[in-house]
Amino acid sequence: MSEQSVAQSVAEYRIEDLAHRSGATVRTIRAYQDRGLLPKPERRGRANVYGSAHLARLRQIADLLDRGYTLASIKELLEAWDAGRGLGGVLGLVAEVQGPWTDEEAARISRAELDGKFGGKPDEAAVAEAVDLGVLERIPGRDDEFLVPSPQELAVAAELYAAGVPLPAISGHLRELRGQVEHIASRFLEFTTEHVFARYLGHRPPTDADAAEAASLVRRLRPLAQQTVDAELARAMRTFATRHLQQHLSPERLPPADTEPRSVTLPAGTIRSVHALVGEESAAAFITAATERELQARTLDSLMSINGDSRQVNQTS
């Protein structure tokens, strides 16, 4: 055993020293003890003495908190570990799930470059909206530069803007799209959990072997969600784009002509007058001709009225 290992095995700390080395506060250490997350210290006279095991446990708790675990779930994990079940597989599964789900790498962009992509004029409201959406991230101490988590997403926005889409419309579309994609991701996780991961995650926490197997499956299944969405999006775009194009290129279809005869009820006195004027056999033709002449007269009156209004406007302008 090396001198460093011996020193670590016999290291003793007061609570203030333990807090300093672990990065936790004295109050936090005592709270962990009360919740059973941290073993109680050794009592020597009137002083509490902590060892290297306490320091290692505090660092484990901090690491699990950083990974998104709650204190309740951390307690279950640590109790399982204390009972002889390792945490290596669980931590490997956590690392696999929290790892990158895309090969795309974040980039940086200067404020001048950003303005140049979107019209060349500063737009503080648009920048604030992009930061709120996570398309841009501010860099502490740098007002003239931003982190771009997804350069592809920013490039799409720039292309849409260049094509004439206003920035508010782009951000609104992204918010709508994000909600729909999050629903797809949630359904995919529910589906794979039910049919694949349920057998590995039935224990709380899972065994080391089950967690390691689940991590391996995450690596295999990770690209499937994107591949499925890509294929279905391509299919839907082809279907709807073709349909839209046909609608825009097809000549306008006029409504079918109404050639079916219809009955119209006229007062008996009107019918008698028509019969007396043109005879019973010509009554139908007479009524049809009179109706058509009235329609033509009203059309001519309407056109003359529009022309007269136009001349009046020209004279007064």
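Predicted model: local features only at pLDDT ≥ 70, side-chain atom pairs only at ≥ 80, totals over all residues.
Two strands count as paired when DSSP finds at least two bridges between them. Three strands form an open sheet in the order β4-β6-β5, and their pairing is antiparallel. At the edges lie β4 (107-110) and β5 (137-139), each of which pairs on one side only. On average, neighbouring strands of this sheet are turned by 40° against each other, direction ignored.

Look now at how β4 meets its partner. β4 and strand β6 (residues 142-148) run antiparallel and are joined by four bridges.

Strand β1 (residues 12-13) and strand β3 (residues 47-51) run antiparallel, with two bridges joining them. Here Glu 12 stands opposite Gly 51 in β3. β3 also has three bridges to strand β2 (residues 42-44), and this pair runs antiparallel too. Within it, Arg 43 has Asn 48 of β3 as its bridge partner. β2 and β3 form a hairpin with two residues between them, and in the turn Gly 45 has a positive phi of about 65°.

What ties β1 and β2 to each other through their side chains? Arg 44 and Glu 12 meet in a salt bridge, with 2.6 Å from N to O. Because Arg 44 lies in strand β2 and Glu 12 in strand β1, this pair ties together parts that are 32 residues apart in sequence. Arg 44 is partly exposed, at a relative accessible area of 38%, and Glu 12 is also partly exposed, at 44%.

Let us follow the chain into a helix. Helix α4 (residues 52-66) has 15 residues and reaches 21 Å from its first C-alpha to its last, which is close to the 21 Å expected at 1.5 Å a residue. Which residues of α4 are buried? They are His 54, Leu 55, Arg 57, Leu 58, Ile 61 and Leu 64. An α-helix has 3.6 residues a turn, so residues three or four places apart point the same way. Just after α4 comes Gly 68, which takes a positive phi of about 100°.

In helix α10, Glu 190 and Arg 187 lie three residues apart, about one turn of the helix. They form a salt bridge whose closest N and O atoms are 2.6 Å apart. Glu 190 is partly exposed at 43% relative accessible area, and Arg 187 is partly exposed at 44%. Glu 232, at 42%, is partly exposed, and so is Arg 235, at 40%. A search of the whole structure finds 13 salt bridges.

Ile 184, Val 229, Leu 233 and Met 237 make a nonpolar surface patch of about 350 Å². Helix α11 (residues 208-249) gives the most to this patch, with three residues. Ile 184, for its part, sits in helix α10 (residues 167-195), and it counts as partly exposed because its relative accessibility is 41%.

The C-alpha atoms of Thr 192 and Val 218 are 9.8 Å apart in space, while the two residues are 26 residues apart in sequence.

Our last stop is Pro 100, found in the loop between α6 (88-98) and β4. Pro 100 has a relative accessible area of 62%, so it is exposed. Along the chain, Pro 100 and Arg 222 are 122 residues apart, yet 9.9 Å separates their C-alpha atoms.

Conventions: Residues numbered from 1 in each chain as written. Heavy atoms only, no water. Expected span 1.5 Å × (residues − 1). Buried < 20%, exposed > 50% of the residue type's maximum accessible area, 1.4 Å probe, protein only. Axes fitted to C-alpha atoms, helices over the stretch in contact; angles between N-to-C directions. Patch = residues over 30% accessible without salt bridge, like charges linked within 9 Å, V, L, I, M, F, W, Y side chains within 5 Å. Areas by Shrake-Rupley, 256 points an atom, 1.4 Å probe, with all protein chains shown as cover. Salt bridge = Lys/Arg side-chain N within 4 Å of Asp/Glu carboxyl O.
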